[in-house]
Amino acid sequence: MFVCQHVLSEDECPLSCICARDSGTVTCRDNEDTELPGDIPEWATTLILRGNNISTLPGGGFSSNNGTKLELTTLSLSHNGIMVIEADAFTGLPRLRLLDLSHNRLVYISDRAFHSLQELRSLYLNDSLLAPAVAQLSNALHGDILCNLHRLELSGNRLKTIPISKLDAFNLHTLVLTNNSIESIGKEDVSSLYRKKQVRVYLSLNPFRCNCELESFYFWLKNSSQCVDAARLLCAEPDAKKGIPIEWLRGEDVDCLNENLEAVSYVFLGIVLALIGIVFLMVLYLNRRGIKRWLNNIRDACRDQMEVYHYRYEQDSDPRLANVAV
């Protein structure tokens, strides 16, 4: 496991990095480094690691051997190909307020990945979560640890639900869930959103299924101003409503009672048609002899008529028969 060896002072700068003391920024990018930098200046408040090849964030990776705490408030780790975040990966960063983990390939997030980040205000995980990490995310987002989290961005992760088990436990102001695979928002999440009125939610570019399962979310959307991009929420299913803004729907379009009544009416119509068919078949069966006799009479009448046509045809085609007839 790799940890920071010691904290640099004065004008020292980690190898292959650019340091700007005036702004407190250390930038290490596009170096194909596989590990975190070993030395971070004590004056650094912003660390940008971008475009490297850091596959794992190990536990204690930002801790120094002499116990000195880093003063980082901003840590950007986007575009590094990170796959694993181990337990206590951010220990040693007690002042961290912004953490950007976007555009990585996470397959494992420990339940204790974000422990010790009580001061964190913004967490960015856009386009970072593969399927295994999606399932682990809700366990990693602890409301008792991330109690001061104000902004959470989770765009482009194929999420099907809001990955927060207890939304009420957080102090969120902004929740970004755009470009995922959310088809509906459950009643429990809608109730939490009603209670957390300060939260502003972004939900565009999700394939909403506009049936009666959307009822609670639909009425929240109509009666609340919490969804900032409400006008851009479109139906993806059923085909008859595809592309229609959810705000344009009528209440009866998502009314479970109406939908159930409509289903019952179709079932009733099918039963009536089936009964009519059965009665018709019974009538045919009970009158089979009369019907057979009727069909035979029609057949005989057709045969007689055809014989008459045939006789006239022979007369017209043979002049001798015509003279005999005269």
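# Close-up views of a predicted model

**View 1. The disulfide of Cys-13 and Cys-19.** Cys-13 and Cys-19 are joined by a disulfide, with 1.9 Å between their sulfur atoms. The model shown here and in the other views is predicted. The link of Cys-13 and Cys-19 is right-handed, at 90 degrees about the S-S bond. Are the two cysteines buried or exposed, or something in between? Cys-13 has 30% relative accessibility, so Cys-13 counts as partly exposed. Cys-19 also counts as partly exposed, because its relative accessibility is 26%. Buried would need a value under 20%.

**View 2. The disulfide of Cys-17 and Cys-28.** The sulfur atoms of Cys-17 and Cys-28 lie 1.9 Å apart and form a disulfide. This link is right-handed, with 105 degrees about the S-S bond. Cys-17 sits in the loop between β1 (6-8) and β2 (18-20), and Cys-28 sits in strand β3 (residues 25-29), so the pair ties together parts that are 11 residues apart in sequence. Cys-17 and Cys-28 are both buried.

**View 3. The disulfide of Cys-210 and Cys-235.** Cys-210 is joined to Cys-235 by a disulfide, S to S 2.0 Å. The link of Cys-210 and Cys-235 is left-handed, with -95 degrees about the S-S bond. Cys-210 belongs to the loop between β15 (208-209) and α3 (215-223), and Cys-235 belongs to strand β16 (residues 235-237), so parts 25 residues apart in sequence are tied together by the pair. Cys-210 is buried, because its relative accessible area is 1%. Cys-235 counts as buried too, at 3% relative accessibility.

**View 4. The disulfide pattern, with two further cysteines.** How many disulfides does a search of the whole structure find? The search finds three. Counting bonded cysteines along the protein chain, the pattern is 1-3, 2-4, 5-6. Cys-212 has a relative accessible area of 14%, so Cys-212 is buried. Cys-302 has a relative accessible area of 44%, so Cys-302 is partly exposed.

**View 5. Strand β3 and its partners.** Four of the five residues of β3 are buried, so β3 is largely enclosed by the rest of the structure. Which way do β2 and β3 run? They run antiparallel, joined by three bridges. Ala-20 stands opposite Thr-25 in β3. The hairpin of β2 and β3 has four residues between the strands, and in this hairpin Gly-24 takes a positive phi near 70 degrees. β3 also pairs with strand β5 (residues 46-50), in the parallel sense and over five bridges. Here Thr-25 has Thr-46 of β5 as its bridge partner. In a regular strand, side chains alternate between the two faces of the sheet.

**View 6. An open sheet of three strands.** The order is β6-β8-β10, and the pairing is parallel. β6 (56-57) and β10 (108-109) stand at the edges with a single partner strand each, so one side of each has no neighbour in the sheet. Strand β8 (residues 84-85) is joined to β10 by two bridges. Which residue of β10 stands opposite Val-84? The residue is Tyr-108.

**View 7. Asp-100, a buried charge with no salt bridge.** Asp-100 is found in strand β9 (residues 98-100). Asp-100 is buried yet has no salt bridge. What is the nearest side chain of opposite charge, and how far away is it? Arg-50 is the nearest, 6.1 Å away. A salt bridge would need a nitrogen of Lys or Arg within 4 Å of a carboxyl oxygen. Leaving aside neighbours within four places in sequence, Asp-100 is in contact with Leu-75, Ser-76, Leu-77, Ser-78 and Tyr-124.

View 8. Which residues does Phe-217 contact, leaving aside its neighbours within four places in sequence? They are Ile-185, Val-190, Leu-203, Phe-208, Leu-233 and Ile-246. In soluble globular proteins, nonpolar side chains tend to be buried together.

Note on methods
Residues are numbered from 1 along each chain as its sequence is written. This is a predicted model: local features need pLDDT of at least 70, side-chain atom pairs count only at pLDDT 80 or more; totals for chains, interfaces and linings use all residues. Side-chain values use heavy atoms; hydrogens and water are left out. A disulfide is a pair of cysteine sulfur atoms within 2.5 Å. Buried means under 20% relative accessible area, exposed over 50%, partly exposed in between (1.4 Å probe, protein chains only). Lys and Arg count as positive and Asp and Glu as negative; His and the chain ends are not counted. Contact means heavy atoms within 4.5 Å. Two strands pair if DSSP finds at least two bridges between them.
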